Amino acid sequence: MRKVSDEVLIVDNVHKYFGGIRAVDGVSLKVPRGSIVGLIGPNGSGKTTLFNTISGFYKPNKGRIMFDGRDITGLPPHRIYKLGLIRTFQNPRVWRSLTVFENVLGSAKDQRGENMLLAMIHATWASQEKKLAKEALHWIDFTGLAPVDTRFAPEISGGQMKLLEVARALMGSAKMLLLDEPAAGVNPVMARKLFGGIERLRSEMGLTFLIVEHRLEILFDYVDYVYVMHRGRIVAEGKPEEVAENPVVHDIYLGG
Amino acid sequence: MNIISFLVTYLSVAAVYALLAISMNIDYGWAGIPDFGKAAFIAAGGIAAAIVATRIVPPLMLHMHPANPSKLSFFTYYNGKILPAITAHPIDTWIVFIISILLGGIIAAGFAVIFSYPAIRLKEDYLAIALLMAAQIVWLFLRVYTPIMGGTMSMTLPSPSFKPIARALFHSTSPSAIDAAKALFLWGLVGVFLYYAEKQMNSPFGRMLRMVRDDEYAAAALGKNVARARLESLIVASFLAGVAGAVYVLIHFSSVNPDYFMPDLTFFVLTLVLVGGVGNNIGSIIGALLIALLYRASYIFGTSLGFSWGSYLYYMIIGLAILITIFVRPNGILPEKPVRTPAWDVYALVRGKQPWFLRRILMRGRGKVNTGEKSE
Ligand SMILES: Nc1ncnc2c1ncn2[C@@H]1O[C@H](COP(=O)(O)OP(=O)(O)O)[C@@H](O)[C@H]1O
Ligand SMILES: [Mg+2]
């Protein structure tokens, strides 16, 4: 029996160094199931490195990461994806020879036709492919990408690429999403719509979110809890209104 | 020189190049693996043909002792006894051919696993260098290790006999009828490769390879096992390269020599794909047709000039072809096509429109979809 705790993600004293740089220097945090948690901090404080470590792109020098009751420390990214923990990239990474529709569709889990041999037998995967195509269109509509869904991915705007990142993660049947600056480059109206969508996903599907975002005025309206990172460490945490009042946070953002 | 015989020979050569190009298009074109070891995988076909002709067919089918190419008595025994015994029956030459292409494919697939193992998880550059070194090692090994194909002596191989095919098709066994039968057979084989490649490519598997090629980090984050996808594409491409290699030695040369598989063969095959269109199977075939024509024509013209360097003219011509491609059509003569799966039928149904680049393909034939929309 797997122990299902209330905390879907537990990061326990994680360290990640690049040579002498301690990019992540003993971070511990917990994300309760079905919550929206913010992770803020000035540039270079180690937020992206932490995401890369949680999602399996880097192996931590020290520390442990638990997801959904399982130890995922050191697992490769595609295994972590299969468990339902999916990350997006701060600088969008799209598949340039595929359309927006295919970028979303191709991110689906357990596609039978991705098996080299079954791919040759159309009947084994065609009906699944059709089902997934409908689902892909649903997420495209959800993220507002419908007007550009037959464009090749490099032809859409930077803001649309950020939305595409989110649509792909949703297509991957995520239980929890790690979003790295999802609203960067997205106009304020779209950004609020995006966060509104995130809130709906949480309330309707029970998804959990850990979100890095620099636009605090938007972020703080939607998150339950906030962690503040500085120089690789968590220096403050709390409800958004508490963090907003915290003098430490003011010092970091103003003093650097 | 007779134009018909030029054309028939040219078409046979082009067909062999097309087989090699399709293989290159799978790992280099779709998966973006810089397969600088292609010559080694083609060599696997040569190794297979040599082993089949000397050691497998004689004891199994002819009740003769196997021949060892490293022995002094090899040529008298192999050329004097074994070859005449195989070529006495056209059926036996075809058995040699079929076993050789299968074994060639299997050896090449095995090579792919072994040679890519050290570098498949690393960045593409390391894989490219590892594969380039593998091709160099295989070539040099075949030169010095004589028991496989006798070192650099050039061993004659029993070509499959096209007489029965020529007789059936043209009611003639004249040399030109035989050559035509050979060209037809080779283009049939190109058809098989093309059918396979198109089917494999227009599937979620083909789409996954493009994801890995376009951005391996995004592919990994969205659940693709990048190392495994690369390995799989290398295995299928190498299997085809091994098959094509056996065809190359048995039908194109009727002999085998390690120098047929010098590492620069890889870059010749790469040229076919670069000129024809990276990622497009038909483009690869067009590249093969074009480069084979330039090759034959410039070789014949060059040698007729009477200069000592005349036979090298084709290097210049092919270099020029690459340059013109890069400047005029950087994606090759035929650029890559979108992946076609039934997902686009669903798209058309739900959205009531088809994307411009698929409209033509879907309207033709099977993918008839009532879009409830007049064609614009
Ligand atoms: N691959 C890397 N190699 C070396 N240093 C890195 C690497 N990635 C990040 N860093 C360094 O780690 C620190 C944290 O960076 P990052 O995680 O991107 O911060 P943030 O996302 O909070 O802006 C920075 O000093 C950055 O230069
Ligand atoms: Mg960052």
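**Exercise 1. Find the residues with the most contacts inside the largest nonpolar core, which has 179 residues.**

Solution. A nonpolar core is a set of buried Ala, Val, Leu, Ile, Met, Phe, Trp, Tyr and Cys residues joined through side-chain atoms within 4.5 Å. Buried means under 20% relative accessible area (1.4 Å probe, protein chains only).
- Step 1: the residues with the most contacts inside this core are A:Phe101, A:Phe209, B:Tyr78, B:Leu157, B:Val247 and B:Phe261.
- Step 2: helix H11 (residues 226-253) of chain B gives the largest share, 16 residues. Helices are DSSP runs (H or I, at least four residues), numbered from the N terminus.
- Step 3: a second, separate core has 26 residues, including A:Phe51 and A:Tyr227.

This is a predicted model: local features need pLDDT of at least 70, side-chain atom pairs count only at pLDDT 80 or more, and totals for chains, interfaces and linings use all residues. Residues are numbered from 1 along each chain, chains are lettered from A, and side-chain values use heavy atoms, without hydrogens and water.

**Exercise 2. Describe how H1(B) and H13(B) pack.**

Solution.
- Step 1: H1 (residues 3-30) and H13 (residues 281-304) of chain B pack at about 135°, with axes 7 Å apart.
- Step 2: angles under 35 degrees count as roughly parallel, over 145 as roughly antiparallel, 65 to 115 as roughly perpendicular and the rest as oblique. H1(B) and H13(B) are therefore oblique to each other.
- Step 3: the contact (heavy atoms within 4.5 Å) includes B:Phe6 and B:Trp30 of H1(B), and B:Asn281 and B:Ile300 of H13(B).

**Exercise 3. List the buried residues of H15(B).**

Solution.
- Step 1: in H15 (residues 343-351) of chain B, B:Ala343, B:Trp344, B:Asp345, B:Val346, B:Tyr347 and B:Ala348 are buried.
- Step 2: B:Gly352 follows H15(B), with a positive phi near 70°.

Definitions and conventions:
Axes fitted to C-alpha atoms, helices over the stretch in contact; angles between N-to-C directions. Helix = DSSP H or I, 4+ residues; strand = E, 2+ residues; numbered from the N terminus. Buried < 20%, exposed > 50% of the residue type's maximum accessible area, 1.4 Å probe, protein only.
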